[in-house]
Amino acid sequence: MKKLAIDLKRLDKVKTIIPASIERRIEDLLIFDARILDIATRKELVRLVPGLHAIRLAWKAHFAMYGCVSCHRKKVGYASGGLCDRCLHRTLYRMKTCLRKIDAGRSTPEEIGELTRKFDAAQRLFNGED
Ligand SMILES: [Zn+2]
């Protein structure tokens, strides 16, 4: 088998982008929309991922400066996620309709079982059947 020659000079020119920190990397990934989650789930997420709190504050600051991200009105009550009360409720209503359509004919326990199948099998191998 022929060995491939590595061009070390060319390799040195390759730039690798390394995140400044794990926190920065997590912040970069936080393009997550929690607006349609229930309050308890949102609070638990903020407890687990403190970076979400900063994003919530940023949305609120955005609203104060530019108004609602949907209707662009400024003199209305703030709800969350950069939306005014009316736009949030309209969006929630629409999203619930969309979620009902998505959930029609699906079995959540069956899908979760499918997702954890490999993990469950590994756990049985390591821990026995109990
Ligand atoms: Zn609005």
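**Close-up views of a predicted model**

Among contacts in the protein between residues at least 6 apart in sequence, 19% join residues at least 24 apart; two residues count as in contact if their C-beta atoms, placed from the backbone, lie within 7 Å. This is a predicted model, where local features need pLDDT of at least 70 and side-chain atom pairs count only at pLDDT 80 or more, while totals for chains, interfaces and linings use all residues. Residues are numbered from 1 along each chain as its sequence is written.

**View 1. The whole protein, with its confidence.** You'll find seven helices and two strands here, running α-α-α-α-β-β-α-α-α from the N terminus on. Helices (H or I, at least four residues) and strands (E, at least two) are DSSP runs, numbered from the N terminus. The average pLDDT (the predictor's confidence in each residue, from 0 to 100) is 80, and 81% of the residues score at least 70.

**View 2. The largest nonpolar core and Cys68.** Of the 130 residues, 5% count as buried. Buried means that 20 or more other C-beta atoms lie within 10 Å of a residue's own; exposed means 12 or fewer, partly exposed is in between, and the C-beta atoms are placed from the backbone. The largest nonpolar core has five residues in all: Phe63, Cys68, Leu83, Cys84 and Leu88. Such a core is a set of buried Ala, Val, Leu, Ile, Met, Phe, Trp, Tyr and Cys residues joined through C-beta atoms within 7 Å. Leaving out residues up to four places away in sequence, Cys68 touches Phe63, Arg73, Val76, Gly82, Leu83, Cys84 and Cys87.

View 3. Helix 4 lies largely in the open, because the number buried among its 16 residues is one. At 1.5 Å a residue, those 16 residues should span 22 Å, and the end C-alpha atoms are 23 Å apart, which agrees; the expected span is 1.5 Å times one less than the number of residues. His62 lies in this helix and counts as partly exposed because it has 14 C-beta neighbours inside 10 Å. Its C-alpha atom is separated by 9.4 Å from that of Gly81, 19 residues apart along the chain. Just after helix 4, Gly67 takes a positive phi of about 90°.

**View 4. His72 in its loop.** His72 is found in the loop between helix 4 (51-66) and strand 1 (78-80). With 10 C-beta neighbours inside 10 Å, His72 counts as exposed. Although His72 is not a glycine, its phi is positive, about 65°. Most residues other than glycine have a negative phi. Gly82 is ten residues from His72 in sequence, and their C-alpha atoms are 9.9 Å apart.

**View 5. Lys96 on helix 5.** Lys96 lies in helix 5 (residues 85-103) and is exposed, with 11 other C-beta atoms within 10 Å. The C-alpha atoms of Lys96 and Ile36 are separated by 8.3 Å, though these residues are 60 residues apart along the chain.

**View 6. Helix 7 and the glycine after it.** Helix 7 (residues 117-127) has eleven residues and the number buried is zero, so this helix lies largely in the open. Just after helix 7, Gly128 takes a positive phi of about 85°.
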